[in-house]
Amino acid sequence: MTIELRNVSLRVGAETHIYETSLSLQPGQFNILLGTTLSGKTSLMRLMAGLEKPSSGRLWANGAEVTGVAVQKRSVAMVYQAFINYPSFSVYDNIASPLKVAGLPKKEIDAKVREFANLLKLTPMLERLPNELSGGQQQRTALARALVKGADLVLLDEPLANLDYKLREELRDELPKMFADTGATVVYATSEPLEALLLGGYTATLNEGRVVQFGKTSTIYRHPETLEGARVFSDPPVNIAAIEKRGDTAYLSASVSWNVPAKLAAMPDGKYKIGLRPHHLSPNGAGVEVDGEVQIAEISGSESIVRVIVEGNNWVSETHGIHSYEFGQSTSFFFDSSRCLYFDANEMLIETQL
Amino acid sequence: MSRIEFKDVRHAYPSAAGQAPVYALKEISQVWEDGGAYALLGPSGCGKTTLLNIISGLLTPSEGSILFDDREVTQLPTTERHIAQVFQFPVVYDTMSVFDNLAFPLRNRGMPEPRVRERVTEIAAMLDLSDRLNQRAAGLTADGKQKISLGRGLVREDVNAILFDEPLTVIDPHLKWQLRSKLKELHQQIGVTMIYVTHDQVEALTFADQVVVMHDGAVVQVGNPIDLFNKPRHTFVGYFIGSPGMNVLPCKLENGQPVFANNLLSSGYPVDTDISGKLEIGIRPEFVSFCDDGIPVEIEKVEDLGRYQVVTVKHEAEQIKMLVGEDQSIPSISPQIQFDPASLRLYCDDWAVETPDA
């Protein structure tokens, strides 16, 4: 289904939840809404589903206007963060429920339930009740119920947020595959940049009720048009610093400087900003050297995320391997200046990497 | 403060009459040193909350004993164990001020008011709550409320240990690291034994000096973050720590050396040739690389994760994940891979073949 939002906004009382937004989602496309809590992901989904009537603007589905058409009359399925299943129904009956409501013949219902139970690895659990399942199985049941309807538009609101990370890893891997064959337009909300990268497809970065940028996920990550876009799509947060550009040199401080790309060198001297991804700031290596004061070293299984203060800026270095530091320890960090994203006074990207 | 010891502790929840008991917690003997920072890490249902409840006294184990500094406490109720506990969701009195919330556990125990004031002021400063002491708790954000819960856990000086049960679950991801660093700092300042239960490897490995990895009701490894990454004792540890987890592949032995896909993998293991059981090699995605003369594979999937690429390859029926640098190109014609021999591990029936400290 093609979903089109034309200048859609949502105001609740005096508050604006969604500022004027235009967005076009293509059939079969996997779309991600990426932003922090309260950035407007859920509101945007509710608008798409027809659960919320826009304060202004129009919605179109497959070329027909659907503004104000109730959710029941549209081919939409939604899955929420909390696992919502009928507690007294077996897994089988949970999955079958939307088909029963639609009045399908028993035989057809049975075939569909078994097909989707198989796809979601629920076949051995069909007779169980939801509270006899693990969290992952409960959410898979909710997903199966959403999928079995064959809805044209499937909205998934942080569906993996309540699961163990290893289960998330598995389901993230499976989800795009599940939808690949259905032809449904999928919209998936997440607050985790890494999840967006793993799911691929297309991403809309959201901040404070606005769509910052929309496009192919890898493009949105590598070429954020604005500093805001880079901020939304970076976890740990992108390292930001003000620099002074004079001629072909960037100064982070009196003692830290490097040569800038030709395009920036040709621009007027003055104040600019840089964005540097955490994995491009390393405790060993070559390039521009800066002094960092360590705040904490966080360790994932195989990586260290070190929070440091560099020239008064709160920066993060993400490196492979396990590194331990003492609080307040002073140490050198390095970055390759060609990895810097440069932004002008309006925080718009100066495209220097192609 | 004290050293906590588990001696042959097992626990089964009541089962139907006539049925054999199912142990939620298999036999565990474990010492929690006084002043240590421990994490209990494992997926939901692994028994970590059962273990925590046995320490706090909310649950009496069906077998074994618990000692605090050589004193048996197995039958002692929670109130007599002097354990502070911080839960997943903030427990605060909304109508009370931040100050009164923090003072609550102290006043409850009849501490004189001047001392209460002193202690609350001290803890509030550690948690950056000093300027909000007179504010009502109701007006705080989720992380503000959880800070109060942490503060109430930390405020008593007479506790044997502080237990944390997934305390950062409700915290916005962007704020989590601040509370994590705060907790670590607090542990260094007050030196009380802390046991932190989580299913999140980052929380466990960042907070703890010793991580206790649990799987299916049993402790499968106790170690520091480096050991858990480099020397997983059990295939589950290899899978659970690290993302993506370790590749576990079937192998056989030839002349005492593991062989996978007809490639001799010199691992330097002093393998006993009499070994029998399910043999597997474990190799982390970090230590698999493309090469010119190795194991032929087909490329199934390339995921661009920004800082690196996760490449899924297949050799016959075996799927292998590998990490490749962000700028590195993926060979398109007859790709071949190799394993770093130094990082290879051999497993027999899921347990590492070696002496634990080898």
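**Group meeting: aromatic pairs, sheets and a covered helix**

Good morning, colleagues. Counted over all chains, this structure holds 18 aromatic pairs, where ring centres must lie within 6.5 Å of each other to count. Please keep in mind that the model is a predicted one.

Let me begin with one of these pairs. A:F30 and A:Y188 form a tilted pair, with 6.0 Å from centre to centre and 35 degrees between the planes. A:F30 belongs to strand 3 of chain A, residues 30–34, and A:Y188 to strand 8 of chain A; the pair therefore ties together parts that lie 158 residues apart in sequence. Are these two residues, A:F30 and A:Y188, buried or exposed? Both A:F30 and A:Y188 are buried. A second pair joins A:Y325 and A:F333: the ring centres are 6.5 Å apart and the planes meet at 40 degrees, so this pair is tilted. Both A:Y325 and A:F333 are buried.

A:T190 is buried, with a relative accessible area of 1%. To which side chain is that of A:T190 joined by a polar contact of 2.8 Å? The partner is the side chain of A:E195. Setting aside neighbours within four places in sequence, A:T190 is in contact with A:I32, A:L33, A:L34, A:G35, A:K41, A:E158, A:E195 and A:A196.

I now turn to chain A as a whole. Chain A has nine helices and 21 strands. Along the principal axes, its C-alpha atoms fill a box of roughly 75 × 45 × 35 Å. Of the 354 residues in chain A, 52% are buried. Taking contacts in chain A between residues at least 6 apart in sequence, 66% join residues at least 24 apart. Chain A exposes about 15,400 Å², and carbon and sulfur atoms supply 49% of that area.

Next, the sheets. As a reminder, strands of a sheet pair through backbone hydrogen bonds, either parallel or antiparallel. In chain A, six strands form an open sheet in the order 13-12-11-14-20-21, and the pairing is antiparallel. Which strands form the edges of this sheet? They are strand 13, residues 257–259, and strand 21, residues 349–350, of chain A, each of which pairs on one side only. Within the sheet, strand 14 of chain A, residues 270–276, runs antiparallel to strand 20 of chain A, residues 341–343, and three bridges join them. There, A:G275 stands opposite A:L341 of strand 20.

Strand 17 of chain A, residues 303–310, pairs with strand 18 of chain A in the antiparallel sense over eight bridges. A:S304 stands opposite A:T319, which lies in strand 18 of chain A. Two residues separate strands 17 and 18 of chain A in this hairpin, and A:E311 in the turn has a positive phi of about 50 degrees. Why can strand 18 of chain A be called largely enclosed by the rest of the structure? Strand 18 spans residues 313–320, and six of its eight residues are buried, hence the description.

A:S55 is partly exposed, with a relative accessible area of 34%. A:S55 and A:L10 are 45 residues apart in sequence, yet their C-alpha atoms are 4.9 Å apart in space. Not counting residues up to four places away in sequence, A:S55 touches A:S9, A:L10 and A:R11. Its side chain reaches the backbone nitrogen of A:R11 at 2.7 Å.

Finally, I move to chain B. Helix 4 of chain B, residues 142–154, has 13 residues and reaches 18 Å from its first C-alpha to its last, close to the 18 Å expected. How many of the 13 residues of helix 4 of chain B are buried? Eleven are, and the helix is mostly covered. Among the buried residues are B:K145, B:K147 and B:R152, together with B:I148, B:L150 and B:L154. The cover over the buried residues of this helix includes strand 6 (83–86), helix 2 (98–108), helix 3 (113–126), strand 7 (161–165), helix 5 (173–190) and strand 8 (194–198) of chain B.

Thank you for your attention.

Terms used
Residues numbered from 1 in each chain as written. Chains lettered and ligands numbered in written order. Predicted model: local features only at pLDDT ≥ 70, side-chain atom pairs only at ≥ 80, totals over all residues. Heavy atoms only, no water. Buried < 20%, exposed > 50% of the residue type's maximum accessible area, 1.4 Å probe, protein only. Helix = DSSP H or I, 4+ residues; strand = E, 2+ residues; numbered from the N terminus. Pairing = 2+ DSSP bridges. Contact = heavy atoms within 4.5 Å. Polar contact = N/O pair within 3.5 Å; in protein donor to acceptor, adjacent residues only side chain to side chain. Expected span 1.5 Å × (residues − 1). Areas by Shrake-Rupley, 256 points an atom, 1.4 Å probe, with all protein chains shown as cover. Phe/Tyr/Trp six-rings, centres within 6.5 Å; stacked < 30°, edge-to-face > 60°.
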